[in-house]
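Open the model in your viewer and keep the selection panel at hand. The stops below are meant to be taken in order.

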Amino acid sequence: MPLPEKLAPFQSRFENQLDVILDIRPKVFSFMFGVPSADVLEECRKKGIVTVGAATTLDEAIFLEAAGVDMIIASGFEAGGHRPSFLASPESSLTGTFALVQLMKEKIKKPIIAAGGIANGKGVAAALALGADAAQIGTAFLATDESNALPIHREMLFSEASKYTTLSRAYTGRLGRGITSRIAKDLIGKEENILPFPLQTTLISPLRKAALEQQKWDMILFWGGQIAPVLKHTKAKDLMHSLIEETTSYFNDLKG
């Protein structure tokens, strides 16, 4: 494949995206990598939009609560996808989901949403038992036929490869967890050569395209969390029904 062209200047579209959110007034506005300005949060309150921020440490949870965010996601390091850390480096913000939920429960009053390492009713029930008010599930729904993930991505999440995940900046420039790949392994110790997010994504995209065409799966990042090996459902409806039934059953057992 040819070398990619020189990257064009990048302009953030956050302000445009924010205008759309305030215009259409969704029930919930969930964000990552920090917190919007006080003016934006106040505008959300006026419009009846519930705001949800993501924390990877107790300090971030306290920061989000002080800013006036309505609900806070406890995003454990087990989760797939980007690490939403914003007060310290993602590499130093690796608290596990269940530890983070308990730490946050002791220090903040806002509702807590557990995320990371949860893919079934047993996990949801455990999160609720530890003090979470809700659970957020990513990888299990990503693996269903109804998601926008590529068929090969969904297939990989049900394969033996899903047992091995890596936190890497190699594909986007921002630390994220996906199924271990050749590129992620080859760039360990060479992080200083990785472009910042999202420029690295642009640089890597021609390689991703060529790897997909040539079916070289070890050259592609497939997002996924550490819980992937327990996945069972390929239909979102079946997954949802299972989550409700299992959570109810296990939570009732936990309560005795």
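The tour goes from a helix pair to strands, then to a further helix and a loop residue.

This is a predicted model, in which local features need pLDDT of at least 70, side-chain atom pairs count only at pLDDT 80 or more, and totals for chains, interfaces and linings use all residues. Residues are numbered from 1 along each chain as its sequence is written, and side-chain values use heavy atoms, with hydrogens and water left out.

**Helix pair.** Select residues 58-67, helix H3, and residues 97-107, helix H4. Helices (H or I, at least four residues) and strands (E, at least two) are DSSP runs, numbered from the N terminus. The axes of H3 and H4 are 9 Å apart, at an angle of about 40°. Axes here are lines fitted to C-alpha atoms, for helices over the stretch in contact, and angles run from 0 to 180 degrees between N-to-C directions. H3 is therefore oblique to H4; angles under 35 degrees count as roughly parallel, over 145 as roughly antiparallel, 65 to 115 as roughly perpendicular and the rest as oblique. Now show the side chains in contact (heavy atoms within 4.5 Å): Leu-58, Ala-61, Ile-62 and Glu-65 on H3, and Leu-100, Leu-103, Met-104 and Lys-107 on H4.

**Parallel strands.** Next select strand E2 (residues 50-55) and strand E3 (residues 71-75). The two run parallel and are joined by 4 bridges; strands pair if DSSP finds at least two bridges between them. Ala-55 has Ala-74 of E3 as its bridge partner. In E3, 4 of the 5 residues are buried, so the strand is largely enclosed by the rest of the structure. Buried means under 20% relative accessible area, exposed over 50%, partly exposed in between (1.4 Å probe, protein chains only).

**Open sheet.** Move to the 3 strands ordered E4-E8-E7, an open sheet with antiparallel pairing. E4 (81-82) and E7 (165-168) are the edge strands, each pairing on one side only. Between E7 and E8 (residues 176-179) there are 4 bridges, and Thr-166 has Gly-178 of E8 as bridge partner.

**Helix H5.** Select residues 121-129; the buried residues include Gly-121, Val-124 and Ala-127. Just after H5, check Gly-131, which takes a positive phi of about 120°.

**Ser-181.** Which loop holds Ser-181? The one between E8 and helix H8 (182-186). Ser-181 is buried, with a relative accessible area of 2%. Not counting residues up to four places away in sequence, Ser-181 touches Tyr-171, Asp-218 and Ile-220.
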